[in-house]
Amino acid sequence: MFGCVLPGHPPQLGFQQIDARKWTLGFCVPLQSDRIVLFLTGQPPLPPGHGVTIFMSKANESLFEYLGHISNEKPSGLFTIPMAFVNNISPVPLIVGLSIETLPHIQNLESGQEQKKVQVMTQKAELARQIGQDLFNYLQSFAQAPPPGGPGHGHILLPQDVFDKWLKRVFHKIEVDARFLS
């Protein structure tokens, strides 16, 4: 009924049914991408007015994160694996959860996801602003004006290692103050 493809690995069709409307598939392989493809095999087709919601979780956690949906009208999809689940050093046991739901229920989930994306983008923009402001303030503390009328007039001279020093300072602040940049 369902299939899954992780880039660089064979397709997986072995979803385990856990109740009348829910299935899971566990895997623990090195991820070569932060993408996953899920698809309907078409046998049997979904009931009219229904779709399949797709979730992911680490195997040792009970909290699943919504990835998206597929339906008879959209029988396959490419989904992003959340960064919290990707570990390039060693494979993390993951579970894909599928649930057959009505299309109105799926639309409610989708609108909640859009609101979450807007909130995350706003938080990222604020974080970028704070990082940029911190860098600007740090660079200003090193700034030296070139001699008037000389080469570099209208520019600020900085030591070559100023960015390395700034990064070390930021990492140190993060280690000692969990609220830094928040």
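Trainee: What is the volume of the largest pocket?

Mentor: This is a predicted model, in which local features need pLDDT of at least 70 and side-chain atom pairs 80 or more, while totals for chains, interfaces and linings use all residues. Residues are numbered from 1 along each chain as its sequence is written, and side-chain values use heavy atoms, without hydrogens or water. A pocket is an open set of 1 Å grid points over the protein atoms alone where a 1.4 Å probe fits, with protein on both sides within 12 Å along at least five of seven lines. Taking volume as the space filled by probe spheres on points joined across faces, edges and corners, the largest pocket has about 620 Å³.

Trainee: Which residues lie nearest the centre of the largest pocket?

Mentor: Its lining (residues with an atom within 4 Å of a point) numbers 21 residues. Nearest the centre are Glu 65, Tyr 66, Thr 80, Gln 113 and Lys 117.

Trainee: At what angle do the axes of α1 and α2 cross?

Mentor: Ile 131 and Phe 142 are among the α1 residues that meet α2, whose side includes Phe 163 and Trp 166. The axes come within 11 Å.

Trainee: Which residues does the cis peptide bond join?

Mentor: Pro 44 sits in the loop between β4 (35–40) and β5 (50–58). With omega about -10°, the cis bond joins Gln 43 and Pro 44.

How values were computed:
Axes are lines fitted to C-alpha atoms, for helices over the stretch in contact, and angles run from 0 to 180 degrees between N-to-C directions. Helices (H or I, at least four residues) and strands (E, at least two) are DSSP runs, numbered from the N terminus. Contact means heavy atoms within 4.5 Å.
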